[in-house]
Amino acid sequence: MSLYKKIIDDTSYYEIYDKTVKYILKRMRSKSEVVNYIKKYTNDLDIIDSIINKLEKINLINDKLYCKSFINDNIFKFIWY
C-alpha cells in the first residue's frame with residue numbers, strides 16, 4: 001500500500017470516528033444505533049468493528065447502561081404524565 005493511500009484511508013477512518021463520537025455525545029446510543037450510523041459512511045466491516053471496539057473500550061458505547069437509562073427515562077415519563 002502506498003503512503004498516499006494509507007494517509008487517505010487513515011483520514012477517512014478518523015473522520016468517521018469523529019462524526020460517530022459527536023453523534024454519541026448528543027445523547028446515549030445503543031450499539032446497533034451506532035453501527036447503523038457508521039454504515040452511512042462506510043460498509044467496510046473492519047472499520048466498523050474497529051470504531052465500535054474503540055468506543056466500547058472507552059465506554060462511549062455500553063448497552064447495559066443504555067438499557068438502564070432508557071428504562072429509567074421512560075418510567076419517569078410515565079409517572080409525570
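The expected span of a helix is 1.5 Å times one less than its number of residues. Helices here are DSSP runs of H or I with at least four residues, numbered from the N terminus.

This is a predicted model, in which local features need pLDDT of at least 70, side-chain atom pairs count only at pLDDT 80 or more, and totals for chains, interfaces and linings use all residues. Residues are numbered from 1 along each chain as its sequence is written, and side-chain values use heavy atoms, with hydrogens and water left out.

We stay with H3 for a moment. Its buried residues are Ile 47, Ile 48, Ile 51, Ile 52 and Leu 55. They cover an arc of only 125° around the axis, which puts them on the same side of H3. The arc is that of the directions from the helix axis to the C-beta atoms. Buried means under 20% relative accessible area, exposed means over 50%, and partly exposed is in between, with a 1.4 Å probe and protein chains only. An α-helix has 3.6 residues a turn, so residues three or four places apart point the same way. On the other side of H3, the exposed residues are Leu 45, Asp 46 and Lys 57.

The buried residues of H3 pack against helix H1 (3–26) and helix H2 (31–39). Contact means heavy atoms within 4.5 Å. Ile 47 of H3 is buried because its relative accessibility is 18%. Not counting residues up to four places away in sequence, Ile 47 touches Tyr 13 and Thr 42.

At the N-terminal end, Asp 44 caps the helix, with a side-chain oxygen 2.9 Å from the backbone nitrogen of Asp 46. After H3 comes Asn 59, whose phi is positive, near 65°; Asn 59 is a residue other than glycine. Asn 59 sits in the loop between H3 and helix H4 (63–80) and counts as partly exposed at 45% relative accessibility.

H1 has 24 residues and reaches 35 Å from its first C-alpha to its last, close to the 34 Å expected at 1.5 Å a residue. Buried in H1 are Tyr 13, Ile 16, Tyr 17, Thr 20, Val 21, Tyr 23 and Ile 24. These buried residues of H1 pack against H2 and H3.

Next comes the core. In soluble globular proteins, nonpolar side chains tend to be buried together. A nonpolar core is a set of buried Ala, Val, Leu, Ile, Met, Phe, Trp, Tyr and Cys residues joined through side-chain atoms within 4.5 Å. The largest such core has 14 residues, and those with the most contacts inside it are Val 34, Ile 38, Ile 51, Ile 52, Leu 55 and Ile 61. H1, H2 and H3 are the elements that give two or more residues to this core.

The structure also holds 4 aromatic pairs. In the pair of Tyr 13 and Tyr 14, the ring centres are 4.9 Å apart and the planes are at 90°, so the pair is edge-to-face. Tyr 23 and Tyr 37 form a stacked pair, with 4.0 Å from centre to centre and 5° between the planes. Tyr 23 lies in H1 and Tyr 37 in H2, so this pair ties together parts that are 14 residues apart in sequence. Rings of Phe, Tyr and Trp (its six-membered ring) pair if their centres lie within 6.5 Å; planes under 30 degrees apart count as stacked, over 60 as edge-to-face and the rest as tilted. Ring pairs link Tyr 23, Tyr 37 and Tyr 41 into a cluster.

The last stop is Ser 30, in the loop between H1 and H2. Ser 30 is buried, with a relative accessible area of 10%. Its side chain makes a polar contact with the side chain of Ser 32, at 3.2 Å. A polar contact is a pair of N or O atoms within 3.5 Å; within protein, one must be able to donate a hydrogen and the other to accept it, and residues adjacent in sequence count only if both atoms are side-chain atoms. Leaving aside neighbours within four places in sequence, Ser 30 is in contact with Asp 63 and Tyr 66.
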